[in-house]
Amino acid sequence: MALGTSTPGPGRYHLLLAVDGRPVQHGWWDSEATARRKMTRWIGDWGRAGARITLVDEACGETLTAWPEER
């Protein structure tokens, strides 16, 4: 094993599924388009009472979107 090599970090776009305030699933992607497609899928699979799904741009710390939307 070569010294000085590092494992690449997670992607820029972080998707988090929390249920009743507890993290249940995470995903990271380098492509925003891919992360948004995954979010749509997660909403279909996990979208129910008590669930919260957020997509964050880790490069700037900005929440890009969340489900359900804040009212």
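Author: What follows is a set of questions about the labels used for this predicted model, each answered from its values.

Reader: What makes up the fold, from the N terminus on?

Author: The protein has one helix and four strands. Their order is β-β-α-β-β.

Reader: What makes strand 3 a partner of strand 1?

Author: The same test applies, at least two bridges. Strand 1 and strand 3 run antiparallel and are joined by seven bridges. Val 19, for example, has Ala 51 in strand 3 as its bridge partner.

Reader: Why are strand 2 and strand 4 said to stand at the edges?

Author: The four strands form an open, antiparallel sheet in the order 2-1-3-4. Strand 2 and strand 4 (62–67) each have a single partner strand, so one side of each lacks a neighbour in the sheet. On average, neighbouring strands are turned by 20° against each other, direction ignored.

Reader: Where does helix 1 pack?

Author: Helix 1 packs on the sheet and touches strand 1, strand 2, strand 3 and strand 4. Its direction makes about 15° with that of strand 1.

Reader: Why is strand 1 called largely enclosed?

Author: A residue is buried when its relative accessible area is under 20%. Five of the seven residues of strand 1 are buried, so the strand is largely enclosed by the rest of the structure. Across the protein, buried residues make up 25% of the 71 residues.

Reader: Which residues form the largest nonpolar core?

Author: That core has 10 residues, among them Tyr 13, Leu 15, Trp 29, Met 39, Trp 42 and Ile 53. Membership requires buried residues of nonpolar kinds, joined through side-chain atoms within 4.5 Å. Strand 1 (13–19), helix 1 (32–46) and strand 3 (51–57) each give two or more residues to this core.

Reader: Which residues does Trp 42 touch?

Author: Leaving aside residues up to four places away in sequence, Trp 42 touches Leu 15, Leu 16, Leu 17, Gln 25, His 26, Gly 27, Trp 29, Gly 47 and Ile 53. A contact here is heavy atoms within 4.5 Å.

Conventions: Residues are numbered from 1 along each chain as its sequence is written. This is a predicted model: local features need pLDDT of at least 70, side-chain atom pairs count only at pLDDT 80 or more; totals for chains, interfaces and linings use all residues. Side-chain values use heavy atoms; hydrogens and water are left out. Buried means under 20% relative accessible area, exposed over 50%, partly exposed in between (1.4 Å probe, protein chains only). Axes are lines fitted to C-alpha atoms, for helices over the stretch in contact, and angles run from 0 to 180 degrees between N-to-C directions.
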